[in-house]
Amino acid sequence: MQDQPAAKDLVLAVREFLENVAMPKLEGHDAFHARVAANALAIVERELVIGPDSNAEEAARLRSLLGEDGSLHDLNVKLCDAISEGRMTLDTQGLADHLWLTTLTKLAIDQPRYAAYRRAKDTIAELDA
Amino acid sequence: MSAAENNDPKHDIALALREALGRALANIDLVRNVRRLSGGASQETWAFDAVTDHHVHPLILRRAPGGHTNTKRDTAVPLATEAHLIQLAQKQGVPVPPVTLVLDETDGLGDGFIMERIEGETIARKILRDEAYAEARPRLARQCGEMLARIHDVPLDKLPDLQRSPARAEIDKYRDIYKSTNHPHPVFELAFRYLEDNLPADDRLTLVHGDFRNGNLMVGPDGVRAVLDWELAHIGDPMEDLGWICVNSWRFGEIDNPVGGFGSREDMFAGYEAAGGPSVDPERVKYWEVLGTLKWGVMCLIMVQAFSSGMDRSVERAAIGRRASETEIDLLNLLAPRHI
């Protein structure tokens, strides 16, 4: 086990330095790239928090869908082949659910402010209510 | 003139522009206010003013990066061809910036052309939100339909040499690129499969603008003033243009206005038909919206390759791959809507 601070907190420290110290001193393209850099670090922070559990859940769903085991990458390659070859379609039990859940998790990490993601989350909240 | 200004590439460009413009403008005195505009990875765009004895001409230079010639431009058409297309579209009644001059090799500026600078806004977020465009917004979708009908009506026998790229060719091109990244995207596979299973007939091939969307439309308070960036023009299915402007990535958060974030498909289709276009099959437009969404997703992956290969080490290039997931949720909304 690594010592503290945790990876997500180190990334947070760098992101806050960029946002609070570096960016106010930059102009034009440099300021823009610093903003992009801060956003990239925010993705890493979210992945460090969300990724481990969500990857495990994705792998479990894939094992159940495919009836096979393997690394997350290999399972995804097998799913791609099944879809490409028409062995799995949107009519396949569980496929659409799996693709939606996996995609929503990607967006929770990559771009939680994306309008289509926020709309999907609102819809789910309404269904759960 | 200071020594610093003499070393400025803008100074050299200004001198070369003045020399070249002698062929197009009478009594040209000087070229001033030369400045590089942002955007455009495959070409440079410069704004400047040419002064003749009674007049200031606001102009734009579009040229190959660094002023080179014969730069590899992948799928983009040569700049002289782009200028030719703008002239053909203008004859058809499409608003475009009139071309002042096509550069030749004696000009020392590389491949490119000079066109009039139209005043207006191209930044989508401003067009979609600023009060200045409030009256224009409800008209834009219909105008886009009208313009696309005119573009698709350019006689084929008048067109310069262009790539022929119907749906089959587009799918093959983007699948090859996607496969070369060696990273699995099950949602992309689903979209490729849908596109294969629903391939439209090549029954009507026309000039296609190829990048008709927010960002390439110059808008004023009165509506669309110019259609820009013709570098991805090709011969293809005209519904490609109607589908591309509906891709969610170009709505900039205004997801309930499918046409560019400003209007309805029905308004665009009505404008298309009113301007002489054939009646629109919404399913076929949806097909091209799926293809366009997938294409943008694959393009995000290409940009990561530019980072990984060391060609462009910017954070922007590195991070854009993580925008592929935006296109995945858009594809699911198109292909498996309201599933969860």
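Helices here are DSSP runs of H or I with at least four residues, strands are runs of E with at least two, and both are numbered from the N terminus. Hello everyone! This is a predicted model, so local features need pLDDT of at least 70 and side-chain atom pairs count only at pLDDT 80 or more, while totals for chains, interfaces and linings use all residues. Residues are numbered from 1 along each chain as its sequence is written, chains are lettered from A and ligands numbered from 1 in the order written, and side-chain values use heavy atoms, without hydrogens and water.

Now to chain B. Here five strands make an open antiparallel sheet, ordered S1-S2-S3-S5-S4; two strands pair if DSSP finds at least two bridges between them. Strands S1 (28-37) and S4 (99-102) of chain B are at the edges with a single partner strand each, so one side of each has no neighbour in the sheet. Three bridges link S4(B) with its antiparallel partner S5(B), residues 112-116, and Leu101(B) is opposite Ile114(B) in S5(B).

Finally, two asparagines. Asn33(B), in strand S1 of chain B, has a positive phi of about 55° without being a glycine. Asn182(B) also has a positive phi of about 55°, and lies in the loop between helices H6 (167-180) and H7 (186-197) of chain B. Why point these out? Most residues other than glycine have a negative phi.
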